[in-house]
Amino acid sequence: MNQQFITPIQLENERVLLLPLHESDFDALYTVASDPRIWEQHPQTDRWKAEVFRIFFESAIESRSAFKIIDKATGALAGSTRFYDYNVQNRSIFIGYTFYAVHYWGIGFNPSVKKLMLAHAFQYVDTIYFQVGSTNFRSQKAVEKLGARKVAETSVEYHGDGLKSNFTYEIRYHE
């Protein structure tokens with residue numbers, strides 16, 4: 001395995017295309033993110049508001065590892081995700097900040113995206129983590145379906161919104 005994690009230019013399978021997120025994607029991505037149902041279980045339940053989403057979006061751009069998720073069947077923008085907190089010493093990385101338009105829920109879209117990301121990341125790391133809000137039951141079930149197991153409870157700062165309770169899940173390469 002290589003030492004330094006390389007964020008890919010794109011990831012693709014038969015169902016989805018992940019392309020780097022750019023500042024010019026704000027309006028289109030906010031159109032997806034402006035549905036309050038997406039955020040109802042999230043620790044930051046008001047992320048559907050433009051001013052709150054703008055902070056999230058700017059963080060995604062600054063990360064240089066965020067993607068827009070394209071539905072290859074329709075060409076529609078389905079949501080966003082990213083890699084973050086790469087740790088070379090621990091050979092680990094996080095995948096998260098993922099959200100989808102509601103009509104992509106429960107149809108196998110998330111596993112399709114995450115399996116692409118897992119396959120890429122496991123070329124560089126031994127452990128992949130997911131951080132999920134303690135009340136985000138939908139996302140907890142989704143990462144558990146991927147084979148992740150809960151390993152910690154933490155508090156996470158949400159861009160000036162205070163500390164929120166989260167669970168950390170992990171998937172190890174050898175498992």
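Arg64 is exposed in this predicted model. Its relative accessible area is 75%. Arg64 sits in the loop that links α3 (50-63) to β3 (66-71). The backbone at Arg64 has a positive phi of about 60 degrees, although Arg64 is not a glycine. Most residues other than glycine have a negative phi.

Asp85 also carries a positive phi, near 55 degrees, and is likewise a residue other than glycine. Asp85 belongs to strand β4 (residues 77-87). With 52% relative accessibility, Asp85 counts as exposed, because the cut-off for that class is over 50%.

Strand β4 also holds Ser80. Ser80 is buried, with a relative accessible area of 2%. Its contacts, leaving aside neighbours within four places in sequence, are Leu21, Leu29, Phe67, Lys68, Ile69, Tyr97, Thr98 and Phe99. Trp48 is 32 residues from Ser80 in sequence. The C-alpha atoms of Ser80 and Trp48 are 14 Å apart.

Ser92 lies in strand β5 (residues 92-100). At 4% relative accessibility, Ser92 is buried.

Lys49 occupies the loop between α2 (36-39) and α3. Lys49 is partly exposed, with a relative accessible area of 30%. Tyr30 is 19 residues away along the chain. The C-alpha atoms of Lys49 and Tyr30 are separated by 9.0 Å.

The interior was examined next. In soluble globular proteins, nonpolar side chains tend to be buried together. The largest nonpolar core of this chain has 47 residues. Leu18, Phe83, Phe99, Ile128 and Phe130 have the most contacts inside this core. Helix α4 (residues 109-121) gives the most to the core, with six residues. Phe99, one of the core residues with the most contacts, is also a contact of Ser80.

Phe83 was followed in detail. Residues up to four places away in sequence were not counted.

The chain as a whole has five helices and eight strands. From the N terminus, the elements run β-β-α-α-α-β-β-β-α-β-α-β-β. The radius of gyration is 15 Å, close to the 16 Å that the globule rule gives for 175 residues, so the chain is as compact as a globular protein of that length. The C-alpha trace spans about 40 × 35 × 30 Å along its principal axes. Of the 175 residues, 48% count as buried. Among contacts between residues at least 6 apart in sequence, 62% join residues at least 24 apart.

The accessible surface comes to about 8900 Å². Carbon and sulfur atoms account for 51% of this surface. The chain has 19 positive and 20 negative side chains. The centres of the two charge sets lie 5 Å apart.

Methods:
Residues are numbered from 1 along each chain as its sequence is written. This is a predicted model: local features need pLDDT of at least 70, side-chain atom pairs count only at pLDDT 80 or more; totals for chains, interfaces and linings use all residues. Side-chain values use heavy atoms; hydrogens and water are left out. Helices (H or I, at least four residues) and strands (E, at least two) are DSSP runs, numbered from the N terminus. The radius of gyration is taken over C-alpha atoms; the globule rule is 2.2 Å times the number of residues to the power 0.38. Buried means under 20% relative accessible area, exposed over 50%, partly exposed in between (1.4 Å probe, protein chains only). Contact means heavy atoms within 4.5 Å. Accessible areas come from the Shrake-Rupley method with a 1.4 Å probe; for residues, only the protein chains shown count as cover. Lys and Arg count as positive and Asp and Glu as negative; His and the chain ends are not counted. The place of a charge is taken as NZ of Lys, CZ of Arg, CG of Asp or CD of Glu. A nonpolar core is a set of buried Ala, Val, Leu, Ile, Met, Phe, Trp, Tyr and Cys residues joined through side-chain atoms within 4.5 Å.
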